[in-house]
Amino acid sequence: MRYKAFQAQVDLMAPARLAAGVANAALGLGPPWMRQLPPLAHVSAAWEMLSRAALTHHRPDYGFNEVLIRGEAVPVREEVVAGTPFGDLVRFRKDGDPEQPRVLLVAPLSGHFATLLRGTVQTLLPDNDVYITDWRNARDAPVAAGAFGFDEYVAHVISFLETMGPGAHLISVCQPCAHALAAVALMAEDDNPATPLSMTLMAGPVDTRINPTTVNDLAMSRPIEWFEKELIDTVPARFAGAGRKVYPGFIQLTAFLLMNLNRHVDAHVDMYSHLAAGRTAEADTAKAFYDEYFAVLDLTAEFYLETVSRVFQEHLLPKGQLVWRNRRVDPAAIRRTSLFTVEGERDDICSVGQTVAAHDLCKNIFANRKRHHLQPGVGHYGVFSGRKWTTQIYPQVRNMILATN
């Protein structure tokens with residue numbers, strides 16, 4: 001019922017948002033001085049804020065049309081290499097196909113689209129042939145497409161690496177680090193030729209028993225039945241995935257907003273002030289961020305519940321008890337894949353120690369093929385986006401890739 005109520009509210013507000021957008025556009029047709037009058041400037045700002053007051057369920061564009069390689073602009077285009085009803089393997093293909101290390105960027109499936117890693121991709125692109133797991137909105141996947149849970153996520157990572165072929169590298173960001181580690185362990189045990197040469201795990205929950213955060217405490221505070229009862233809903237009839245059980249993206253976004261509510265309220269107050277004062281550059285920066293942040297996707301119920309249960313409640317991977325399709329996952333099977341882990345000193349979502357725990361699990365990787373980096377002064381998102389990611393963390397990721405290429 002919550003999903004239906006949410007969608008009803010969205011539909012009810014749609015005419016008002018449309019009218020506000022049209023009115024603001026009409027005002028913009030007048031002479032420039034008119035919008036600079038304080039009363040009209042505030043009216044225009046209010047109309048724009050109202051027209052933007054909505055979530056979307058559509059993936060934003062990555063926006064990469066070209067990349068600089070040795071000072072030369074090289075055109076880039078998105079290419080879907082493989083796909084299922086639940087996700088695509090997208091390659092950022094460069095004109096001329098320069099010979100570069102192939103990197104699979106394993107994106108989180110946690111309520112936002114993979115475009116949230118736009119900054120990560122942008123940094124990787126000049127030096128690497130970048131592929132990404134571009135997850136689809138579960139409400140668009142028909143029930144007939146079947147289930148998509150923890151095991152299916154792992155299977156997708158394996159399949160995508162096989163599609164890329166031998167000699168690739170893997171970088172996993174945030175939530176799917178446990179899934180990616182499981183995939184590489186299974187491939188190593190099978191002596192799969194597509195097993196990646198290197199595996200970089202960034203700010204991911206490999207062992208959440210270490211230095212638990214508020215997020216970890218929340219996961220442990222209730223039985224899994226509570227999460228199923230309180231957070232899972234059914235896709236309404238109007239969508240392709242009608243009848244599918246999902247963890248709605250708007251619920252996840254609400255949780256994120258409540259974690260830093262004052263900051264988001266202040267950001268919107270500032271956005272209004274910038275719009276009213278004609279400070280378009282400052283306003284555009286905020287709009288770009290929230291256009292991405294308010295683009296949400298639904299997770300299948302089985303993926304959400306199995307991830308909460310296996311990773312955050314039962315800690316099956318670090319305890320050696322994780323089972324994938326009746327097979328025990330053994331990270332000790334990884335021998336030839338190099339391991340690099342990255343954590344942020346101020347990470348309040350995946351705290352220090354939770355990702356580096358992978359080193360103890362991958363005990364058969366030689367010490368000279370393992371590295372860990374603790375980045376001072378960054379929180380969760382600073383590990384894979386922003387200035388310190390670009391200037392301090394990525395150079396070490398690049399060195400790991402080049403050393404094992």
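How far is the sulfur of Cys 177 from the closest cysteine sulfur? I got 7.1 Å, with Cys 350 as that closest partner, and this is too far for a bond. I kept in mind that this is a predicted model.

Next I turned to Cys 350. Its sulfur has its closest cysteine sulfur in Cys 174, 6.9 Å away, so that pair is too far apart for a bond as well. A disulfide would need the two sulfurs within 2.5 Å. My tally for the structure was zero disulfides.

Buried or exposed, I wondered about Cys 177? Cys 177 is buried, at a relative accessible area of 0%. Cys 350 also counts as buried, with 4% relative accessibility.

Then I went on to pockets. The largest pocket holds about 790 Å³ of space. I found 37 residues lining the largest pocket, and Ser 110, Val 215, Gln 252, Phe 256 and Phe 312 lie nearest its centre. Helices α7, α8, α9 and α12 each give at least two residues to that lining. I sorted the lining of the largest pocket into 28 nonpolar and nine polar residues, with no charged ones.

The second largest pocket has about 590 Å³ of space. It is lined by 22 residues, with Leu 116, Phe 289, Tyr 293, Tyr 381 and Ser 385 closest to its centre. Two or more lining residues come from each of α4, α9, α10 and α11. The largest share, four residues, is from α11. Here I noted nine nonpolar, eight polar and five charged residues in the lining.

Technical notes. Residues numbered from 1 in each chain as written. Predicted model: local features only at pLDDT ≥ 70, side-chain atom pairs only at ≥ 80, totals over all residues. Heavy atoms only, no water. Buried < 20%, exposed > 50% of the residue type's maximum accessible area, 1.4 Å probe, protein only. 1 Å grid on protein atoms, 1.4 Å probe; cavity = no way out; pocket = protein on both sides within 12 Å on 5 of 7 lines; lining within 4 Å. Points joined across faces, edges and corners; volume = space filled by probe spheres on them. Nonpolar A, V, L, I, M, F, W, Y, C, P; charged D, E, K, R; others polar.
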